[in-house]
Amino acid sequence: MPLSVNVIPQLGLLHNVYFGRVTIQDFEDQKKERSKTSAFKMPMPRVNDLSQVTEVDIGFNELLVHAQETGKALSNISEPIQLVMVGDNPFTSTAVAMYENLYAACNIPFEMHVVRGYPEVLATLNLPEDSLQYFPDFCRDESHLL
């Protein structure tokens, strides 16, 4: 699976890492994987790492349907869910912009942030610098910036 789903209970967040070619099925797989753990709670903040993505194969209509379904599923959420996207790169920048705009148009309660690396993730979510220990090793490459 080109996806790693990890609930980090110590930080109260969901950490997803996407690898290689990403399709709409990866979004569905992510939902299934996170629901397998009792540690996942709504409206848990999410960190979606796109730094390992080499291709995004998601059409506008696919993403629109996904956004509409997500909007229905989250219709009872009153506070915005923090969503931090890591690794804006040439393969993901257009898809992230489309994702952000569709979610806003569908009134999905996400507060989206696009950041370059994990020091910015910690700052955005107001996490202490020792929080980096709960993320995979490759996420610590920029720890010298903390």
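Me: Two strands pair if DSSP finds at least two bridges between them, so which residue in β4 is the bridge partner of N48?

Reply: The partner of N48 in β4 is M85, where strands (E, at least two residues) and helices (H or I, at least four) are DSSP runs numbered from the N terminus. This is a predicted model, in which local features need pLDDT of at least 70 and side-chain atom pairs count only at pLDDT 80 or more, while totals for chains, interfaces and linings use all residues. Residues are numbered from 1 along each chain as its sequence is written, and side-chain values use heavy atoms, with hydrogens and water left out.

Me: How many bridges join β3 to β4?

Reply: There are four bridges between β3 and β4, and these two strands run parallel. Taken as a whole, β4 (residues 81-86) and β5 (residues 110-115) pair in the parallel sense over six bridges. Between them the chain passes through helix α3 (residues 93-105), making a right-handed β-α-β crossover; right-handed here says that, with the strands pointing away from the viewer, the path from the first strand over the helix to the second runs clockwise.

Me: Zooming out, in what order do the five strands of the sheet come?

Reply: The order is β1-β2-β3-β4-β5, in an open sheet with mixed pairing. β1 and β5 are the edge strands, each pairing on one side only. On average, and with direction ignored, neighbouring strands of this sheet are turned by 15 degrees against each other.

Me: And β4, is that mostly covered or exposed?

Reply: Mostly covered, since five of the six residues of β4 are buried, where buried is under 20% relative accessible area, exposed is over 50%, and partly exposed lies in between (1.4 Å probe, protein chains only).

Me: Which strands does α1 lie across?

Reply: α1 lies across β1, β2 and β3, and runs at about 150 degrees to β2. Such angles run from 0 to 180 degrees between N-to-C directions, and the axes are lines fitted to C-alpha atoms, for helices over the stretch in contact. α3 packs on the sheet as well, touching β3, β4 and β5, and its direction makes about 165 degrees with that of β5; contact is taken as heavy atoms within 4.5 Å.

Me: Staying with α1, which of its residues are buried?

Reply: In α1 the buried residues are I24, D26, F27, Q30 and R34. They sit on the same side of α1, because they cover an arc of only 155 degrees around the axis, the arc being that of the directions from the helix axis to the C-beta atoms. Their cover includes β1 (3-8), β2 (13-23), β3 (46-57), α2 (60-73) and α3. The face of α1 turned away from this buried side carries the exposed residues K32 and S35.

Me: What about α2, which residues are buried there?

Reply: In α2 these are L63, H66, A67, T70 and G71. Their arc around the axis is only 135 degrees, so they are on the same side of α2. The buried residues of α2 pack against α1, α3 and β5, whereas N61 and K72 are exposed on the other side.

Me: How far apart are the end C-alpha atoms of α2?

Reply: They are 20 Å apart, which agrees with the 20 Å that its 14 residues should span at 1.5 Å a residue, the expected span being 1.5 Å times one less than the number of residues.

Me: Changing topic, where is the cis peptide bond?

Reply: The bond from M42 to P43 is cis, with omega near -5 degrees, and P43 lies in the loop between α1 and β3. Most peptide bonds are trans, and most residues other than glycine have a negative phi.

Me: Then what is the phi of N107?

Reply: N107 has a positive phi of about 55 degrees although it is not a glycine. N107 is found in the loop between α3 and β5 and counts as exposed because its relative accessibility is 67%. N126 likewise has a positive phi of about 55 degrees without being a glycine; N126 lies in the segment after α4 (118-124), and its 69% relative accessibility makes it exposed.

Note on methods. Two strands pair if DSSP finds at least two bridges between them.
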